[in-house]
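Morning, everyone. I have one structure to walk through today.

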Amino acid sequence: MLKINQVVSGYGDIKVLKGISLHVNEGEIVGILGANGVGKTTLLKTISNLIKTREGTITYLGQEIQNSSPHKLISMGIAHVPQGRHIFSKMSVIENLQISMDHANKKSNGKDRLSYVFDLFPRLKERLKQLGGTLSGGEQQMLAIARALVAGPKLILLDEPSMGLAPLVVQSMFETIQQIAKDGTTILLVEQNAVAALEIVQRLYVMDMGRTVYESQQITNQELDKIKEVYLGMSVS
Amino acid sequence: MKRFKKMIFMMVSLLSILTVLLAGCSAPKGASESDSKKDSSGPLKVGLVTQLSGGGALYGNLMKQGAQLAVDQINEKGGVDGRKLKLLAEDDQANPSESVKVTQRMVSDENIDAWIGTLKSSDTITDIGITAKKDIPSFVPVAVADNVTDSGLNNVYRNVAKNSMQITEMVNYILKKQPHKKMAIIAENTDYGRNIVKIFSEQFEKGGRKITNKELYNVGQKDFNNQLTKIKASKPDSVLIAGLVAEGALIAKQAKQLGINQQLYSFGGFMGKQPMELGGSAVNNLIHTDYFVPTAKDEKTQSFVNDFNEKYGQIPDSYYSAATYDAVYLYADAVKKAGTSDPEKVNKVLHELKNEHTVMGDITFDKNGQAATRVWISQIQDGKQVGIYHAE
Amino acid sequence: MTKTRLFYTAITILCIVCSIASLYIQNLYLLRVFILAAITAILALSVNILVGYTGQISLGHAGFFGIGAYMVGILNVNYHISFWLCMVIAVLFSGLMGLILGLPTTKLKGHFLGIATLGFGVIVNGVLNNWMQVTGGPQGIRDIESPTLFTIPLEYGNFFLGFIVACLSLLVLVIYLLIKSPIGRAWSCLKQDEITAYVTGIHVYRYKLLAFTISGSIAGFAGSLFAGYMTFISPDTFDLNQSISIITTVILGGSGTIAGPLLGTALLAFLNEWLRNFDELRLVIYGIILVAVIVFIPEGIYPFFKNKVISIFSKRKKASQPNTSIEPHAGKDAVNE
Amino acid sequence: MTELIQIIVNGMANGALYALIALGLTLIYGVMNLSNFAQGEFAMIGAFGTYYFMQMHMNYLMAMILSLIVAGLIGFVIHILAFHPLRKSEPLNMMLSSLGVSVLLVNLSQYLFSPNPKVVSNSFSEDSIQAFGVFLSQQRILIVIVSLILCGFTYWLLERSKFGRSVRAASLDPDTATLYGIPTNRIAFITFVFGVALTGIAGGLTAPIYNVYPTMGISLTLKAFVVVVLGGMGNIPGAIMGGFIVGLIESFSAGYVSTAFQDVIVFSALFLVLIIKPEGILSKVQGEKV
C-alpha cells in the first residue's frame, strides 16, 4: 500500500532521514520504534509532504506522492495524526471534525463516518460544542484520531498517540487503535512507548540515525526481547 | 590568561583611538570653513528646500511651481547679465535633520547663489544659520513665524507678512467691524498654530472680548468632531481656525455637520479656491487674512496669474507660489542691479530696496529682512474670494 | 585567538583611519551626512541589542532617542548644566526609562511587544509635542550648547565626527564584550527559547530588563549626541518614522551581528543621499528597494554576504568540517515544537 | 447632557470605522501572522478609486464596489511580490516588508495623483440628522451601517461557513490544517485580498468626510493596530468591540481631558490593557497561537 524507497529529507542543511526504506501492507498495523531524535516524526512528515522529499520515492497505491501538495493527501486517503495532537484549540469538537470532513474524498457517507467515530469515542459526542482546547489530554487524543477517521482514510499515520497520557488511558487508546485496524484502516504507528506498541503491532521497524536498522516480519517473544535489549536499550528482566 | 591578554589588547586599541582623537587638535582647522571659489560664469543656482513628499508636499509643490515659473521666465529673457538661472529643488520631508542636510548639500556641494525655503519656520531658522555662514541671500517666502527674522542675520529676507502682522490685522478688523464677543479657537498643534493661539488670544482679550476655549489638533488628522463638540459646548459666537487648508476645510465641513453655524475666521491658509473645493458650502462666509489676491487689478499680478495658468493649467490663488515666484525675481533683480553675484553686494542691494513692486505688493526689507507686505481681509462669498477690508 | 586579534586589529586600524580621515574632510555636506549616519549607527546598535540579541521588537526607539536629546536640551538650556553632565544624566535617565518601559512590556511577545513599544514612541512624541512648559512644544529647544572636549570645540564638524567615530568604536567594543560575556550568552539563550532559558536557570525577566535598560541608555546617548551636534531639537525628529527607519536599518543590515547594523546604516545613508537624483520618484524607489531586499535577503545583507564569502573559502574544508549550523526556519516546518 | 450624548455618538461613529479597518487587519494577522503596516494604504487606494470612478460619472455605490475590487487586485499583486515569498520567514521580516509597501504606495500615489486632496461628494455627504441637539452626519450613519453589516457578514463567514472554518483552522495551526486538506497558502492569499478589500471599502466610505490624499492611510493604520491589540489579535468580535472602545476613549479624552493629549491617552490605555490583560480584553480562552 505504502512503499518508501531510499528517502532522504531534513531541515535546512541537516539531513534527518538518510535513505530510509520501508513498506506498509494493506490492513496492517506497522510500528516504527526508536529513541528520541532518530527521525520518526520527520518520517511521517515527509510522507505527508510537510517536509520535502529530497531523494527517493514514496509510492502510495502505486502512485508516486512525494511531489504532490500536502493538502491533497487527505483526499487521497492518507490521514496524519500529528504528535502532540494539534487539534484546533479554539474551535469546537464538531468543528474540528467538520474541517476534516470538508476536504475528504467521499463526502456522501460523512454521516456514517461520524456515527462510526462516535461509536468508537462516545465521550466526544457528549462534548460536541466544547472548545477543543478545553478537553483533557486523553479526549484531545481521541479527537485527533477521530478527526483523521471522519475523513474516511485508507491509511492513518499515527505519531506518538500515547504521549502524555496516563497508563490506563494509553491502554484503552491502543485497544481502540486495534479496533480501527480491524475495521479496515491501515495504520502506521510511530511510538516511543515500545512496550505498549509491541502489544498491538503486526510488524515493526526500528529506526536509528535516519535509517531503519531492524525489520521484523513476525513478532515472536524471543525476538521481542532481542529488540528490547539491543535496539531500545531496555533491560529484559 | 588569555582573557587578560585580550583585555590588554583592547585597552591599547582604545587608547590609540583616543590618542588619534586628541592628535586631532593640532590638525588644521581650515577644514571647517572651506571657501571654495565660485564659478562666476556658469548659471546662477537657486536652491529651494521644502517638503515635497508626505502631507506638506501639497504646499511644497506650489512653492516649487512658483519658483520654476520665475526661473523659466528669466531664462527666456536671456537670464541675468547673460547668466542663466538654475533651480535646485530638494525635499526635506519636514524633518529638521533632513532639512539641514539638504541645505548643507546645496551650500557646500552645489555652491548655490541663493537659497529659498522652507515650509516650516523652525526648520527655516536652523537652515538660515547654515546659509548665513556664507552670506548666501536667503529668502523666506512661506514660513511666517516671527522669530525667523528675529535672529539678526544679514542675509535673510522674508517677502511675506510675519505671523503677528496678520494676526494683528485680523484682531483689529474684528474689533472694528465685527460684533463677535466670544470666540473659540481650533489650532493645529505646530508652532504656527500655537503662535496664533498665543498672540491672537492676547490681543483679542486685550480688546475686551473673550476666548471661550482653545483646542488643538494634529497635522494630518481627519476627524475633528471631538474638538468641535467641545467647542460647541462652550457656546462661542464665532470660531477661529488656526491651520492650513487641508485640515481647515474639513474642520469647517464637520463643524457644519455638528450644527456649528457660527461665523468662521481663519488666516492665510484659506487663500485661493482650494478652500471652496475642499470645503464646499461649509466655508461660505468664512473670513480670513489674505496675502495675495489673484484677481487684483495689478498688472504684475495679472501677468503672473496668466503665465502660471498657461504653464500649469491652474490659477495660482495662494501665496505659496506667488511669494516664491517673487523671491526668485527679487534675487535676480538684485544681481542685475549689483552687477555681480557676490553675496555681499547682492545683500547690500536687497537691503536698499525701496518699494520694489512685486506680486505680493511693494517690498521694502527692514534691517532684519522683514518686508511689510499687504495683508487683506477677505471673505468667501458664494464660492468666490472677495476682499472686504484693507487697513490703511 | 589569532582570528580575534585580527578582528581587533582591523577594527582599531579602521577606527584610526576614520578618525584621522574625519579631520580632513573638506566637504561640510559630507561631514553632516557622516555625523548623522554615525548617530543613526549608534541608534541601530541600541535597537540591535533588543532585536538582534534578545529577540525583542522595538518600534518605539525614537522615544529613547528623544528622551536623551530632550534631557540634554532641557537641562542645558534651562538650567545651564554643562553638556557633559547633561549627557551623563541623559544616558542614565533614558536607561531608566528603558527599565520602566521594560517592566510591563518584557512579558509581551512578538507583535504585542511591537505595538506596545510603538505606543511608547507615540506617547513620548505626544508629550514632547504638548508639554509646552518643559519641552517647548512643537517649536522645540534652540541654542543648546555645543560641547567642548578638553578644549577641542566640537562645534566644528570634523572634530565632532572624530569624536563620534571614537564613541561609536568604543560602543562597538563594549557591545562586543557584552555579547561575549555571560550576559550575552544568556541573551542569546533566551532569544532562542525562553522556556529552555528559564529552565537552565537564566532569570529571563531580569535579562530582558537589562537589555531594555542598556538599549534605552544607548539610544539616549545617541540622542544627547544629536542634541549636541544640531544644537536644535524638535519633536519632528523623534517620531514614528524615525523608530521605523532605525529598525529597518538593523534588519536590512542583518540583526544579531555587530557589523550588520553598521553596514545597514552606511547603505541606507548612502541610498538616501544617492536617491536625491531621482527627485519625485525618490521615496518610491526607496520603498521598492526596501521590499526587494527583505524579500530576497530576509536574513540581512551582512550575514548574506558573509555566508557567501564563507562558502567560497570553506569549499575545500567542507569534507572535514560538517556544517552544523541550525537553520532558524527549521522549527517552522515542524508540527511539534 | 447634550454634550455627553454627542461625545458618545462621536465615539461610536468613529469606532464603527475603526472596527472596519481593524477587521481586515486582524484577519490578515490571524492567518498570515503579519502585522500589516500597509493596511491604511489600502483605504487610501479605495478612496482614490472611489474618487476616480466617480470622475468617470459613476454613482457612489458603483464607484465603491469597483474600487474595492481594485484594492483587492492591488492587494493580490502585493501579496505575491512582497509577502508570499516571506511566508516561511520570521514575522518581523514580513512586518518590515509591509512597511516598505506602505512607503511605496504612499509615494507612488503621490507621484501619480499629486498630493492635493481630492473631494468626493455624494448625496449624503453634506447633511446631518439632528435629534435633541445631537448631530450626526448622514455619511457617518452610512459608515456605521455599512461597517456593522460588513462586520456581521465577516463574523458569519468565519464562524458559520466552510470557508470560514478553513480560515480559522489555518490561522490556529497552519501545518495541521494542511494535513486535513486545507490549502493554507491559498487561504492566506484569499484572506489577504479579502482583508485589504474590506479596508478599501472603509476608504471609499470615508472619502466624502475626510477627502482623499496620499497620506490619509497612515493614521488609520495606527488606530487599527490599537484596536486590534485591545480586542486581542486575530479575534473578530474583539476587533469590533475594540473599535468602539477606542472611538469612545478618544472622544471622552478629547471631551474631558485634552484634545492635544488625545493620542497619548489612547496609547496609554493600550498600554494599560497590555499590562493587565495582554491577550486582549475580549479573549476568554487562554492558549497561545502556535
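A quick definition before the details. Two packed helices are described by the angle between their axes and the distance between the axes. The axes here are lines fitted to C-alpha atoms, for helices over the stretch in contact. Keep in mind that this is a predicted model.

Start in chain B. Helix α2(B) covers residues 57-76, and helix α11(B) covers residues 319-338. They pack at about 35°, and their axes are 7 Å apart. The crossing of α2(B) past α11(B) is right-handed. Who makes the contact? From α2(B), the residues include Leu62(B), Met63(B), Gly66(B), Ala67(B) and Ala70(B). From α11(B), they include Thr324(B), Tyr325(B), Val328(B) and Ala332(B). By type, the contact has 13 nonpolar residues, 4 polar and no charged.

Now chain D. UniProt, in an unreviewed entry, lists transmembrane regions in this chain, among them residues 225-249 and 255-276. Look at those two. Residues 225-249 of chain D are 84% helix and 0% strand, with end C-alpha atoms 15 Å apart. Residues 255-276 of chain D are 77% helix, again with 0% strand, and there the end C-alpha atoms lie 26 Å apart.

Last stop, chain D against chain C. On each side, 44 residues are in contact. How much area is buried between chain D and chain C? About 3,800 Å², with carbon and sulfur atoms giving 80% of it. On the chain D side, Leu92(D), Leu96(D) and Phe271(D) lose the most area to chain C, together 16% of what that side buries. And salt bridges between chain D and chain C? The count is 0.

Terms used. Residues numbered from 1 in each chain as written. Chains lettered and ligands numbered in written order. Predicted model: local features only at pLDDT ≥ 70, side-chain atom pairs only at ≥ 80, totals over all residues. Heavy atoms only, no water. UniProt positions renumbered as here; feature names shortened; annotations may be inferred. Helix = DSSP H or I, 4+ residues; strand = E, 2+ residues; numbered from the N terminus. Axes fitted to C-alpha atoms, helices over the stretch in contact; angles between N-to-C directions. Left-handed = near helix turned anticlockwise from the far one by under 90°. Contact = heavy atoms within 4.5 Å. Nonpolar A, V, L, I, M, F, W, Y, C, P; charged D, E, K, R; others polar. Buried area = accessible area lost by both parts, 1.4 Å probe. Salt bridge = Lys/Arg side-chain N within 4 Å of Asp/Glu carboxyl O.
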